[in-house]
Protein chains: 4
Amino acid sequence: MLKRRTDLAVEATQLWQEQAGETTQLRGVQARDSVREGYKVTTVRILDESGAQALGKPVGTYITVELDGLLRREEDAFPRAARALAAELRGLLDLKEGDAVLVAGLGNRAITPDGIGPKAADYTLVTRHLVEQVPEQFGAFRPVSALAAGVLGTTGMESGELISAVVEKTRPACVLAVDALASRSLRRVGRTVQLSDTGIVPGSGVGNHRMALNRETLGVPVIAIGVPTVVDAATLACDLLSEAGREDLDPAALSGAGENLIVTPREVDTQVGDLAKVIGYGIDLALQSGLDVADIDLLLS
Amino acid sequence: MLKRRTDLAVEATQLWQEQAGETTQLRGVQARDSVREGYKVTTVRILDESGAQALGKPVGTYITVELDGLLRREEDAFPRAARALAAELRGLLDLKEGDAVLVAGLGNRAITPDGIGPKAADYTLVTRHLVEQVPEQFGAFRPVSALAAGVLGTTGMESGELISAVVEKTRPACVLAVDALASRSLRRVGRTVQLSDTGIVPGSGVGNHRMALNRETLGVPVIAIGVPTVVDAATLACDLLSEAGREDLDPAALSGAGENLIVTPREVDTQVGDLAKVIGYGIDLALQSGLDVADIDLLLS
Amino acid sequence: MLKRRTDLAVEATQLWQEQAGETTQLRGVQARDSVREGYKVTTVRILDESGAQALGKPVGTYITVELDGLLRREEDAFPRAARALAAELRGLLDLKEGDAVLVAGLGNRAITPDGIGPKAADYTLVTRHLVEQVPEQFGAFRPVSALAAGVLGTTGMESGELISAVVEKTRPACVLAVDALASRSLRRVGRTVQLSDTGIVPGSGVGNHRMALNRETLGVPVIAIGVPTVVDAATLACDLLSEAGREDLDPAALSGAGENLIVTPREVDTQVGDLAKVIGYGIDLALQSGLDVADIDLLLS
Amino acid sequence: MLKRRTDLAVEATQLWQEQAGETTQLRGVQARDSVREGYKVTTVRILDESGAQALGKPVGTYITVELDGLLRREEDAFPRAARALAAELRGLLDLKEGDAVLVAGLGNRAITPDGIGPKAADYTLVTRHLVEQVPEQFGAFRPVSALAAGVLGTTGMESGELISAVVEKTRPACVLAVDALASRSLRRVGRTVQLSDTGIVPGSGVGNHRMALNRETLGVPVIAIGVPTVVDAATLACDLLSEAGREDLDPAALSGAGENLIVTPREVDTQVGDLAKVIGYGIDLALQSGLDVADIDLLLS
C-alpha cells in the first residue's frame, strides 16, 4: 500500500512503480496514454482486487485529462478542453435517451481550492424543470438537476446525506459528483481533471467527506469528476528537497507535520474558475446531444 | 373573498373589514393586540372554514410582530426584537427536549428582497452534526439543521421537493420555513415579521413557490416565518393616489398592470440584512434553551 | 421646465411635446432616429440655452440605443449590441492614438439596480499597467484604467472626489462614466443605454451623486453612459392608471409620495448583468482598435 | 543581511541571532516584551542604520501583538484584542483632535490570504462625510475615510498610485495601511498583528506592491498594520524537516523552488475574517475617543 497521499490513480501508479522498482510488474492494473483534442489523456483501469490493493483505490476506470494549454490561454483551448472532457465522460456514462442526471457539486464555495464543485454546478445546464413545464420547447433535452451540497458546518448534514436524500426523492439514472482533490505533484495541481466510474471515496478530496458516494450508497452509478487543487505540505517539502537535489525523503517521515496547512498555486482562484467552467461545459456537452459551446454560452447567460 | 393580494393575515382582516363595512362582524376569526419587549404584536386566529373563506387563508394562528424600533437602531432594539420573536415562536412550537428541527430558507439569495430566507439560515446555529459527533460538548443542544433551498432555475428542483427529500431522510420533528412575503401596505414592508403554524401556501411570497409546505405535504408541523419585502405595483398605485386624496381605487381595476415590476423600499438591502439576522437569532433563542444573544454572537462567529 | 423626473433626453423631449401640444415647435433641440446593427438609435442634440432650458439638461449630444433584442436573447444580439454601442461611443469620443482613458463605474454594487456602473467596469479591458510594463506585447493597446468609485457611506468620499483625485494624478485624456439612471417609462427600464458628451449631472441617477462630473469639474471631457434601471413610484402610479384608462394624471400631483421606494423590473438582476456586460464590451471595442468580441472574451477571462 | 524572507521584525531579529550566534550582540536594535490585555506584545526598535542593515528593514518601531486567545474563541477575547491593538496603535500615532485619517486596505479581496486589508477597511467607522454634512450629530468624531485600493490587474493603477492621489486630494494627517504579510513561522501565521511607523516597503507582503507607502512617498506619516497570512514554500519545507529532526536546512538552498505556491493555514478564511474585524475595531477605538466595542457594533451595523 502507498504511504503517500494522492487522490489520482495515475499518480498512485507512478508511486507504486517508484517504490517497487522499475522491473516489477503492477498486476491487475492497465494504463494507456492517448491524446484527445490536443490534450494528453491517461486511462488507468484497476481490473481486480490485486490492483485495488496495490493502489489503494476501488476497481474501476480512472481517466486523467491534462489541460495545460487551457492555462496558457491558447486560442480554442477552452472549447477543445470542454469537448475532450465531454468525450471521455460519455465513455464512462451508460445513459439512455431521456435518462435523468443529477450533478452534485461537493465542497465549500467559500474556500477557494475547495470551491470547484459548487462552481462547476453553476455552469451546468439545469433542465429538469423545463423539460417538465415547457415540453414543447425543451422536450428534446435530457432532464438535469444540480445541487451544491453545502458544508457540514453550515447545514448540519453531510453532503452525502443530502445527495442521498435527493436521489431517493428524484430518482436520477446517474449522479455526476464534482470535487476538489489532493495531488502529490505540484505540476498536476490546477491543470488536471480525473474522471472515474468509482464514485467518491470517504476521506479523499480537500474537504474530507465522510460518506462514500457510489452505487452501493446511492443505488445509481456515480461518476466522480475530480480536480487536484492542493498538495499536502509534507509532500511539498519532500518534492522541494528532491528538486534541490538535497535528499530523497519519504513524506511519511514528516507524517502529521503541516497537516493544518494547505498548499496551493498562487493563481488558484483563476485556475479554479477556469476549470469549473470547462468542467461545467464538458458535462453539458456530454449530457445534451446536438449542442456546441456557443449554444451553451447562450443558454447559460 | 379578498381581491387584493396580501400574505399577511393582519392585513387581510383589515381589508375584509374595509370592504364589509365597520359594523359587519367577521366570523370565525379572532384578533388580539399585545406588546412584547416593547414591540407591537397582533395575533389573528382563523378558527374555522368561515374565517378561512373570508380571509383566503388556512385555519391556524398568525402572529405579526412590528419591529419599528429595529430600523431606527434604538439601543437594545436588536436583542429585544430577537427575544420577542423567540417568545412568540415558542408559543407556536410543540417540541420535546432533543426533538430535531430543520430550518429552511426559501427564496433567491441573489435577488435582494427575495433573499431573506437564505440569509436568515446563515444566522441559524447549526448543531445536528455536533450533537452527534461531539456529544460531550454539545449533548445539551437541540439538533438543528439548515437548508437554503435554492432556486428552481439553478437546481431544476422545486424548493418544496428538496425540503421534502431532506425531511424524509433526516426526520426532524418540525420545519421552520423562512420566506419573503408581499404586503399591501408600504408601512409594513421591511419592518414586520409574521409567524404562522399553517406553513407556506403555494403562490404566495415573492418567489411564488408552487408546492405547499405544511403538515400535509411534509408529514411534520411547519412554522412559517415571513417578512414582507415587496408591495405589488397595482397596490402601490392605489395607495399613492389615495394618500394624495385623488381617488379611492380598487387595485383589482389595475389587475395585470405592473406585474413584472417589484416595488421595494430604497433601503431594502439594509432592511433584509437586519431582519434576517434578527430572525436567525430569534430562531436560535427559541430552539436552544439557556442561551442569550451574546452566546449566539460567540457561537456563530 | 419639466415637472416629471427623467434622466433620458429622449423622454424629456417627448414630455415637453406632450405638455406643449403637438403643434408647438421645440426650439434649440434636434432629434433624429436611425438604426445601428438592428437596434433603434435616437440622437437628441441640445443646441443652445433655449433647448437646455426647455429640457432641463445641458447643451450637448444624447444618444439612446434601445437593446430590446438583447433581452430576448436573439442570436448574435450580444455582439451586435456591443458593436452598436462601440460605434455610437466612437462618435462622441475625440481621442488620438495612445490617449489614455479612465472608465469610472458609479453606484453601489450591493444594490442591484445601482450596481451597473461597477459591474460594467468589471468588463473593461484594463491595459494601462500592461502598456507600461510589457510594451513589447501590449504597446499597440490604448492605456485604459478603471475605477469602481465606491459609495459615500463606505469611503467617506464622494465618488466625484475620488475620480477627480485619480484624474489629477494619472491625467487621462477622457473619462467614461457609467451610471444607473431613472426613467419615466416602464418600457425603457433595463433595455436602453444613453450615451452623452455632457457628463454626469448632480442629483440624477439612482444613487444621487452630489458632484457634477464634466469637463468643468475634471478638466477633461466626460462621456456619460447611463442605463435606466428604476422608475419613480409616482411615475409608475400615473402610468398604471393611464394604461388602465382610468385617469391621465400628472405625477407632480403625487409629489413626495413613494419617494423612499424603488420600482424595478422583476428581472432587474439579470438585466443589470446583461447590460453591464454589453456596455463593458462596447467600451472595449470603442477604445481598442482591431479587436472583436471573441478577442475580448479571451482577454477578459 | 538575512537570507530568509520575513516581513516581521520580531522574526528578523530572531533569525539574525540564530545566524550570528547567541553571544553576538545585535547593535542598533532594542527589543522588549510586554503584555497588554492578556496578549503578548513585542516591541522592536530599529534605532540606526546598523540595525536597519542587519535586519533589512527601515529605522522605526515595530510592535507585534500575538492574538492566540482570539482563535480559541475565549470569552472577551475579541474586545480585549481590539483594545490591545488600539492602545498600541495610539502609541504610534501623533494626532491632534480633529486631524483626518485615511485607512487604506491593500491587497486582493478575491484571494483569501491577501484579502485582509480590504476586509479590515469594511470594519472602519467612516465618518468624514458625516462630520461635514451632519456636524450637529457627528462633530465630535474624527474625520476618517477608507479606501480598498484594488488590484493592479483590475484597475490598471498601482495601489500606491491610487492612495497617493487620494492623499493629495483629501490631505489627511496620517494614513493607516492594512496589508497581508509573509511570515517564516507557521506558528505566527494567522494569529499575529504587526504595527509599524515605517510604512509599507515595496516587494513585501503577499501581493508584492511595487511602490513604497511612507512619509517620503505620501508626504504624511504612514502606520502599517500587517498580518502574516502565508509562509513561503521553501521556509515551510525547512521547518517541517527541522521539526521532524531530519535536517537543519537553510531555505536559501531551495531558493526559487515553490515560488508559485502559497502555503496557508487550512482555516485561513476564518482567521482572515476574525483578524480583519479585530483590526477594524482596533483602528476605530484608536481613532475615535470615548467609544467602546458595543458602540462600534451599533455604528457599523
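1. Before you start, some housekeeping. Residues are numbered from 1 along each chain as its sequence is written, chains are lettered from A and ligands numbered from 1 in the order in which they are written, and side-chain values use heavy atoms, with hydrogens and water left out. As this is a predicted model, local features need pLDDT of at least 70 and side-chain atom pairs count only at pLDDT 80 or more, while totals for chains, interfaces and linings use all residues.

2. Of the 301 residues in chain A, 60% are buried. Buried means under 20% relative accessible area, exposed means over 50%, and partly exposed lies in between (1.4 Å probe, protein chains only).

3. Among the contacts in chain A with a separation of 6 or more, 71% are between residues 24 or more positions apart. Contact means heavy atoms within 4.5 Å.

4. Now look where chains A and B touch. A:His129 sits in helix α6 (residues 128-133) of chain A and is buried, at 9% relative accessible area. What does A:His129 contact, leaving aside its neighbours within four places in sequence? The partners are A:Val134 in its own chain and B:Leu152, B:Gly153 and B:Gly156 in chain B.

5. B:Ser164 gives a view from the other chain. This residue belongs to helix α9 (residues 159-170) of chain B, and with 4% relative accessibility it counts as buried. Apart from neighbours within four places in sequence, B:Ser164 is in contact with A:Lys169, B:Met211 and B:Leu218.

6. A:Lys169 is partly exposed at 31% relative accessibility, and B:Glu168 is partly exposed at 42%. Side chains of opposite charge can pair when their charged atoms come close.

7. How many salt bridges does a search of the whole structure find over all chains? There are 36. In chain C, C:Arg83 pairs with C:Glu37, the closest N and O atoms being 3.1 Å apart. C:Arg83 is in helix α4 and C:Glu37 in the loop between β1 (29-36) and β2 (39-46), so the pair ties together parts that are 46 residues apart in sequence. C:Arg83 is partly exposed at 37%, as is C:Glu37 at 32%.

8. Another pair in chain C is C:Arg187 with C:Glu66, whose closest N and O atoms are 3.5 Å apart. It links distant parts of the chain: C:Arg187 is in the loop between β6 (174-183) and β7 (192-196), and C:Glu66 is in strand β3 (residues 60-66), 121 residues apart. C:Arg187 counts as partly exposed at 48%, whereas C:Glu66 is buried at 10%. In chain A, a network of salt bridges links A:Glu11, A:Glu66, A:Arg187 and A:Arg188.

9. Finally, stay in chain C for C:Asp68. This residue lies in helix α3 and is partly exposed at 22% relative accessibility. Leaving aside neighbours within four places in sequence, C:Asp68 is in contact with C:Tyr39 and C:Arg191. C:Gln19 is 49 residues from C:Asp68 in sequence and 28 Å away in space, C-alpha to C-alpha.

Terms used. Helices (H or I, at least four residues) and strands (E, at least two) are DSSP runs, numbered from the N terminus. A salt bridge is a side-chain nitrogen of Lys or Arg within 4 Å of a carboxyl oxygen of Asp or Glu.
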